[in-house]
Amino acid sequence: MGENLSFLAIYFLLLSLLSANEDKSIFILAGQSNMSGRARDYNNTKPPEFHPNPQILMFDANQRWVMAKDPLHLGIDVGRPVGFGPGIPFANALLEWDPCIGTIGLVPCAHGETFLSDWSKGTPDYNQLVMRANASSEAGGRIRAMLWYQGENDSLTRQNAQLYGGRLEKFITDFRADIGMPDLPVFVVVLASGLGKYKDMIREAQMGIKLRNVISVDGKGAEVKPLDVVHISLAGAIDIGKRLASAFLYANL
């Protein structure tokens, strides 16, 4: 009798795990350092928005689904000081506001210090993005959206700022085609900060994308780290994560 109960317990556990994989809502995290995460919990406050949750998984550098924890981009954004980003606050907000969403899978793909041209089709960052996106869905689940936070580097020169809108539209179109999802929702964080004097041109381009299912999420007002001109703080990462979650739920895609 005891052996039968043990067998049934294992059977139902495996069944529930399989179901979770099939129903997983996958979100691709891409862009540069503010998506990767540069915030620090200097006072060890452990904000609840960053707490691990069994319903929040991450596709790690070894292409395994594991419980998500910061730094999400460890082993992805290699050689850079990865920290806390908006990914887990985004997922925790989704679970709080829509408990029926089920298991959430985050796929870290961001790389710090990148220009938008570094994400053009055929570049190493682009190829890794496509590879990880495809592998994550093959491992179980459905890609619901890409969250894109990038542009600080492109604010350094007028030329890059002028070309930003067209480059971003081409990048999104190429990525959608290469993962076979022509209408994939893409949520673009409109810059909260920038490295150069052309930040407003980048913001205008990000808000002006005309592609279907591309939603701009304004990052203006999100807190930036003290003595830093570009990287959002712990509070800023929470803020951006919640704004993205709100936008996703409001879009009802």
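Which loop is P71 found in? I looked there to begin with: P71 sits in the loop between β3 (65–67) and α3 (87–97). I took helices (H or I, at least four residues) and strands (E, at least two) as DSSP runs, numbered from the N terminus. The peptide bond from D70 to P71 is cis, with omega near 0°.

A note on the model. I am working with a predicted model, in which local features need pLDDT of at least 70 and side-chain atom pairs count only at pLDDT 80 or more, while totals for chains, interfaces and linings use all residues. Residues are numbered from 1 along each chain as its sequence is written, and side-chain values use heavy atoms, with hydrogens and water left out.

Next, positive phi values. K46 is not a glycine, yet its phi is positive, at about 50°. I found K46 in the loop between α2 (33–36) and β2 (56–59). K46 is exposed, with a relative accessible area of 54%; for this term I used buried for under 20% relative accessible area, exposed for over 50% and partly exposed in between (1.4 Å probe, protein chains only). E113, also a residue other than glycine, has a positive phi near 65°. I placed E113 in the loop between β4 and α4, and at 56% relative accessibility E113 counts as exposed.

Then G112. This glycine lies in the loop between β4 (104–108) and α4 (124–138). G112 counts as buried because its relative accessibility is 0%. Leaving aside residues up to four places away in sequence, I see G112 touching Q32, S33, R38, D77 and R80, where contact means heavy atoms within 4.5 Å. G112 and R38 are 74 residues apart along the chain, and their C-alpha atoms are separated by 9.3 Å.

On to R176, in helix α5 (residues 158–178).
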